[in-house]
Amino acid sequence: MIEAITSIKNFNEFKKSIFKGKIFKFHNSEFAFKIISEIKKEIKNYYDKDLSFIHTEENAEIISKDLIRILKNNKLFLKIFKNFLKEINFNIDDCHRDKFVVRISPAEFKRANYEASRIGIHRDTWGTNIFEQINWWAPINNIDISNTLIFYPEYFNKPIINTTDNWDLDTYLTRRKLGKFNYPSAPKLKEDLQKNTRVFPINIKPGEVLCFSGSHLHRSSKEDSKITRFSYEIRTVSTSDIENKIKAPNVDCELKKQYPKIFKHFYSNETLKISR
Ligand SMILES: [Fe+2]
């Protein structure tokens with residue numbers, strides 16, 4: 001299900017595979033390593049110890065909160081990521097992206113909160129209702145199975161009951177701006193996974209970048225871990241995929257509208273518009 005590659009040979013085939021549920025892992029990219037070194041450089045100015053053990057600090061939550069603030073909206077990270085996409089032959093001429101986000105996933109599962117989070121089972125498309133969406137995700141420090149991403153590939157084409165019929169991104173964003181965190185950051189499951197569902201944990205190293213359809217059902221590992229995970233993520237949508245209807249199937253999302261407004265064009269910075 002995962003294919004490790006260094007670059008894209010045939011862009012159309014690559015896209016089709018993604019939207020059929022294939023997961024790619026890019027490796028040996030100069031720019032992927034550069035992003036990590038720049039993120040680490042920025043972190044080091046504020047916190048100079050081993051990131052994996054940040055949870056052992058008495059004020060770990062405050063440090064995490066400060067780091068997330070420091071690493072937010074960094075133009076250099078986005079610029080290097082753009083170069084990474086070019087390096088792997090991912091065409092960005094008609095491509096929009098959301099924010100480049102560094103996430104801290106605490107060692108202890110129950111300590112996850114809005115600043116440092118481990119996210120429960122979801123599809124990213126439950127947030128936007130855009131099935132041409134591609135997710136990019138990469139660890140910054142060494143992680144293991146106890147603090148990674150977990151996929152449930154059988155659910156790519158299979159519905160699961162969820163709260164999308166009752167969730168709205170605008171409401172969430174408005175409340176977050178006001179500092180209110182009592183509205184769920186994403187829709188949730190309303191039923192358990194079927195027994196014996198295949199669990200697919202991601203084995204990945206810093207410098208490698210995971211690329212998958214935003215429709216994949218996934219979560220963070222939920223056991224307590226000995227390490228805190230630092231990772232980054234960003235999502236892209238290409239207008240040619242919208243025009244050519246190259247996308248993942250919608251099996252269970254009941255959002256009332258789409259939210260293209262979170263995506264900006266890589267070059268012009270214009271907001272994505274979708275007219276169907
Ligand atoms: Fe996600």
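Me: What share of the accessible surface of the protein chain belongs to carbon and sulfur atoms?
Reply: This is a predicted model, in which local features need pLDDT of at least 70 and side-chain atom pairs count only at pLDDT 80 or more, while totals for chains, interfaces and linings use all residues. Residues are numbered from 1 along each chain as its sequence is written, and side-chain values use heavy atoms, with hydrogens and water left out. The accessible surface (Shrake-Rupley method, 1.4 Å probe; for residues, only the protein chains shown count as cover) comes to about 13800 Å² for the protein chain. The share of carbon and sulfur atoms is 49%.

Me: What is the radius of gyration of the protein chain?
Reply: The secondary structure comes to seven helices and eleven strands, as DSSP runs numbered from the N terminus (helices H or I, at least four residues; strands E, at least two). The globule rule, 2.2 Å times the number of residues to the power 0.38, is set against a radius of gyration taken over C-alpha atoms. The rule gives 19 Å for 276 residues, and the chain is close to this value, so it is as compact as a globular protein of that length, with a radius of gyration of 18 Å.

Me: Which residues coordinate the iron ion?
Reply: Donors are N, O and S atoms within 2.8 Å of the metal (3.2 Å for Na, K and Ca); water is not among the atoms, so sites may look incomplete. The donor residues are spaced H-x1-D-x93-H in sequence. H122 lies in the loop between β4 and α5 (125-128) and H218 in strand β9 (residues 218-220), 96 residues apart. At 2.1 to 2.2 Å, the coordinating residues are H122 (NE2), D124 (OD) and H218 (NE2).

Me: Why does H218 count as buried?
Reply: H122 counts as buried because its relative accessibility is 10%. H218 likewise counts as buried because its relative accessibility is 4%.

Me: Which elements do the buried residues of α3 pack against?
Reply: Helix α3 covers residues 60-71, and its buried residues are A60, I63, S64, D66, L67, I68 and L71. With contact meaning heavy atoms within 4.5 Å, these residues pack against α2 (30-44), α4 (75-87), β4 (101-105) and β10 (229-238).

Conventions: Expected span 1.5 Å × (residues − 1). Buried < 20%, exposed > 50% of the residue type's maximum accessible area, 1.4 Å probe, protein only.
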